[in-house]
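Subject: Structure for your review

Dear colleague,

Please find below the structure I promised to hand over.

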Amino acid sequence: MESFWRGVDRLWLQLASVKLTLVVLVSLLLLSIPGTLILQVNISNVDPGMQYDYDFWKLGKTLQLFTAYHSSWYVGLMVLLSLNLIACSVERWPQMWKLASAKPVAWARATFENQPKNFQLEWKENLTKEAALKTYLDRVKLGGGNPKVVEDGPENFQIFFQKGQWSRIANYLVHTSLLVIFGGAIISALYGFEGAANIPAGAAVDTFLIFSEGRMSGLKPAPGGLVNEKLLGFRLQAEEFKVDFYEKFPGRPKDFVSKLNVIRNSKVLASDTIRVNDPMSFEKYVFYQASYGRLGDFDVKFRYLPKDQIGYEPKFGRGQLGETLNFDHKGRQATTLVAVSAQLQIQNLGPGVLFQELVDGKASGKPFWVLQNYPEFDFARESHFGIIVDDVKELLFTGLQIGYDPGAPIYWLGCFGMLLGTFYALFVTHRKFQLRYDRGQVNFAGTIHRMPSGFENQVKVWAHKIRGRKEEHGQS
Amino acid sequence: MDSLEARVTFFGFEFLEKTLTVTPLNIAAFVYLAAVLVFFVGIARSGLKAQQSRASSLAQVLVVAGFVLHTVGLAGRWYVGGFDRPPWTNLYESLVAFAWMLAGFQIYSQRNWKIPLVGAFSTPLIFLLMGMSVMTPNKSLEPLIPALQSNWLKIHVVFGMISYAGFTMAACFGFLHLIRSRASLSFLGGGLCLMTVLNLGISGGREFLETGKFFMASTVEREVAPGQMTWVKDTYREYPDGPVITRMQEVPNAHPVFWAALLVFALAAILMFWNRVPHPGMKGYDISRRSLILFVSGLVLLLVFFGVVGYDMWQDPHLRMSSNPYLTMLLFMTLIICSMFVVISARYEKFLTSLPSADRLDELSYKNILFAFPFQALLLITGAVWAYSAWGRSWGWDPKETWALITWFAYLIYLHGKLLLRWKPQLLSVVSLIGFVIMVFAFLGVNLVLSGLHSYGAA
């Protein structure tokens with residue numbers, strides 16, 4: 001039993017060694033690299049099996065190279081880092097706490113003499129002990145210090161004050177925050193998910209495709225769907241989708257906007273307009289505007305006008321490509337039309353639609369283009385009818401990213417703590433000042449825990465403040 | 001570029017957009033080049049105190065002048081682009097903006113810490129970035145795609161520039177510290193050779209790594225309908241006055257010289273590491289004549305390479321140096337830094353006397369890292385927050401993110417080595433230099449060699 005505890009002790013000490021920290025950090029540095037060079041399954045759409053030859057693919061599969069950041073070796077390193085961090089923190093706490101919260105002690109004369117010459121000053125004081133004590137305490141307080149009187153001999157006193165002592169333990173904030181971030185990430189990895197849905201403008205979906213999913217996400221598979229298709233639990237409708245382009249830079253999108261409706265039991269429960277950088281949330285889901293694409297289809301609005309019947313009301317037609325539309329015609333067989341193709345820009349003449357007339361389901365005559373901006377052209381065509389195109393709209397789908405990230409508040413808190421701690425630990429130094437009054441002889445010295453150069457100025461400034469010499473403040 | 005020919009009014013005066021947004025930056029680049037050359041003279045004048053300090057003051061004046069022009073150019077870009085479009089939205093602009101921050105850091109170092117020759121190492125880097133930017137073909141103020149239309153763009157990138165500039169200054173001080181503390185000059189030279197090999201590899205780009213042949217971009221301007229796709233090796237880009245296609249094209253005569261330079265530098269690296277000859281009475285100077293000859297012949301080969309590429313360009317007008325800003329500048333840089341090394345090793349003892357104490361240099365390197373490190377954390381975290389609001393995931397392991405994290409690890413190692421293990425200053429300087437190399441890769445290499453979400457910032 002005793003040897004077991006000795007083993008535990010030894011393991012603990014190993015875990016608490018700073019050397020281990022460095023080994024883990026160097027390994028993390030090196031092992032983060034392969035994942036940036038080799039295709040990652042969760043990031044790229046390309047299958048590594050297609051990209052690499054068989055032997056490398058097999059090796060990569062065994063070494064989990066294609067899921068490098070979720071591989072057992074990478075996660076293992078993170079776990080080791082966390083254990084090391086906890087062990088180190090616990091092991092060093094008493095020492096660090098002592099440094100930060102040490103009780104002031106009286107310095108012997110020799111202690112002053114052993115300080116670096118440029119970090120100490122001495123002067124003669126005419127005031128009596130009591131008067132000097134009171135004046136000095138007031139001046140230190142006035143300068144922003146929190147002085148403590150240290151008992152010394154009957155004829156003398158010492159004053160101690162310090163600045164930035166918490167920077168000694170600010171690293172604890174950093175390290176705890178790092179663990180909090182890990183905690184948040186673990187929660188997200190277990191309960192969260194990330195997916196996407198492409199919804200044609202005007203249409204609705206009730207499933208989405210998942211990229212990554214935690215084991216406890218609770219998502220239900222879509223019956224009869226793809227392997228990674230999951231049920232949303234409601235209908236998500238993209239009521240409208242619009243994309244704007246910069247005028248001077250064709251092809252460069254300026255803004256894309258979707259109007260989303262969440263529908264359950266034919267009731268709209270929520271609706272919002274989303275754009276990039278401005279998502280919408282519903283229950284646990286968050287919908288992000290990520291991309292858009294062309295469906296390769298158009299919505300065409302036009303009017304049908306027979307030429308041989310004066311005063312005939314035009315008939316309105318609306319359809320997508322390939323849709324057959326019938327137009328009744330007094331005393332004649334109905335005309336059947338189908339829009340075969342459309343373009344938004346035909347040789348700088350604006351939008352146009354390619355129509356074909358059908359008779360008994362078969363093409364009759366040649367297909368003909370109708371330009372929206374030049375309706376007169378179509379009436380020059382030899383035919384018993386003419387067409388006016390009113391609107392050609394390209395059908396787009398909106399690309400949504402759908403996510404649930406329950407760990408987010410936790411890891412954001414961790415990030416905040418880490419920033420605070422990092423800045424405090426690295427920007428603030430622990431400075432201690434000690435003053436000794438001995439029958440009119442004053443010694444004043446400062447110590448600093450890192451970055452000593454330039455500290456002599458601070459010591460001087462404090463000395464000036466304590467001596468009440470305002471005019472010399474800030475001079476070096 | 002159509003848009004840059006437009007006119008803008010600025011304080012009641014009318015300017016061509018170009019005059020406000022590009023010209024000052026281009027001039028600044030040349031002013032920095034002048035500063036580099038004067039610094040070079042300063043190093044060569046080691047031992048002649050008066051001459052050296054005259055040279056370094058003149059160089060510093062030039063840097064300040066360049067910085068002023070630089071500021072004018074950046075302000076002009078911001079003014080013309082509008083408040084919501086800060087001048088760091090694509091690779092061209094991030095080069096310029098980072099160089100600006102670095103110049104600011106250098107001027108601050110110079111004023112505060114009075115170490116004249118540190119500028120001899122940071123100014124070439126500033127010029128490297130500016131030179132790349134001058135050669136970038138597309139300098140127009142492209143409007144922002146939706147993902148970049150965020151206030152995080154302003155904040156996130158600035159944190160990046162601050163931390164990266166700090167790390168760069170730390171590396172400069174670290175390099176000086178290594179020389180001053182009489183670290184083995186052979187090791188430094190060997191490291192430099194390895195860097196050069198890496199530089200040449202990166203300059204060759206993905207094409208070189210895949211085929212072993214040397215490629216250059218050649219620019220073809222021709223009619224392509226907007227949105228039409230071209231074949232994979234081409235990069236297609238829309239300009240206001242029509243699309244431009246850049247294609248990678250073999251440079252027929254360059255392969256043997258490129259390979260020779262690569263091999264000579266690799267050999268020189270090996271020789272520098274293995275064949276060290278200590279000189280009596282000159283601690284630290286242990287570079288052997290053989291390795292120095294090899295090193296210099298590598299430099300000569302680089303010059304020959306430039307000649308060959310120049311000849312090929314003369315033969316084929318489609319090949320344009322300016323379409324390969326990174327390649328050209330990296331090679332040019334290698335030339336400058338390696339020549340500097342040769343000059344330093346030639347005047348070793350005298351150069352050392354013109355530097356402050358090794359402890360001081362180490363402390364300044366450390367100070368810069370202390371300053372830059374929290375900003376690196378800010379860079380990572382603001383990036384995560386932005387990604388979260390744009391794409392719904394805070395951390396996606398895309399190469400740019402991951403390399404920023406790797407940079408963070410490198411400096412974590414520095415800090416823990418320094419604060420807890422009390423590593424020797426020389427080892428720490430080496431770590432700082434390695435961190436710097438990683439940082440450069442995170443900043444530029446990822447965009448040039450790897451691809452990821454951030455690649456929309458690529459040229």
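Predicted model: local features only at pLDDT ≥ 70, side-chain atom pairs only at ≥ 80, totals over all residues.

Chain B

Chain B has 459 residues, of which 60% are buried. Its secondary structure consists of 14 helices and five strands. Of the contacts in chain B between residues at least 6 apart in sequence, 80% join residues at least 24 apart. The chain exposes about 18,100 Å², with 68% of that supplied by carbon and sulfur atoms.

The interface

Chain B contributes 57 residues to the contact and chain A contributes 51 residues. Together the two chains bury about 4,700 Å², and carbon and sulfur atoms account for 74% of this area. Twelve residue pairs are in polar contact across the interface, both residues being at pLDDT 80 or more, while zero salt bridges are found there. On the side of chain B that touches chain A, helix H12 (358–391) and helix H13 (399–419) each supply at least two residues. The largest share, 19 residues, comes from H12(B). By class, this side of chain B holds 39 nonpolar, eleven polar and seven charged residues.

A glutamate in helix H13

B:Glu401 lies in helix H13 of chain B. Its relative accessibility is 10%, so B:Glu401 counts as buried. A polar atom of the B:Glu401 side chain lies 2.9 Å from the backbone nitrogen of B:Trp397. Leaving aside residues up to four places away in sequence, B:Glu401 touches B:Leu380, B:Arg393, B:Trp395 and B:Gly396.

Salt bridges

Over all chains, the structure holds 21 salt bridges. One of them joins B:Glu93 and B:Arg77, with the closest N and O atoms 2.7 Å apart. Because B:Glu93 is in helix H4 (residues 91–113) and B:Arg77 in helix H3 (residues 49–81) of chain B, the pair ties together parts that are 16 residues apart in sequence. B:Glu93 is buried, at a relative accessible area of 1%, and B:Arg77 is also buried, at 1% relative accessibility.

In chain A, the side chains of A:Asp299 and A:Arg318 meet in a salt bridge at 2.5 Å, N to O. This pair links distant parts of the chain, with A:Asp299 in strand E10 (residues 285–306) and A:Arg318 in strand E11 (residues 315–320), 19 residues apart. A:Asp299 is buried, with a relative accessible area of 10%, whereas A:Arg318 is partly exposed, at 49% relative accessibility.

With kind regards

Conventions
Residues numbered from 1 in each chain as written. Chains lettered and ligands numbered in written order. Heavy atoms only, no water. Contact = heavy atoms within 4.5 Å. Buried area = accessible area lost by both parts, 1.4 Å probe. Salt bridge = Lys/Arg side-chain N within 4 Å of Asp/Glu carboxyl O. Polar contact = N/O pair within 3.5 Å; in protein donor to acceptor, adjacent residues only side chain to side chain. Helix = DSSP H or I, 4+ residues; strand = E, 2+ residues; numbered from the N terminus. Nonpolar A, V, L, I, M, F, W, Y, C, P; charged D, E, K, R; others polar. Buried < 20%, exposed > 50% of the residue type's maximum accessible area, 1.4 Å probe, protein only. Areas by Shrake-Rupley, 256 points an atom, 1.4 Å probe, with all protein chains shown as cover.
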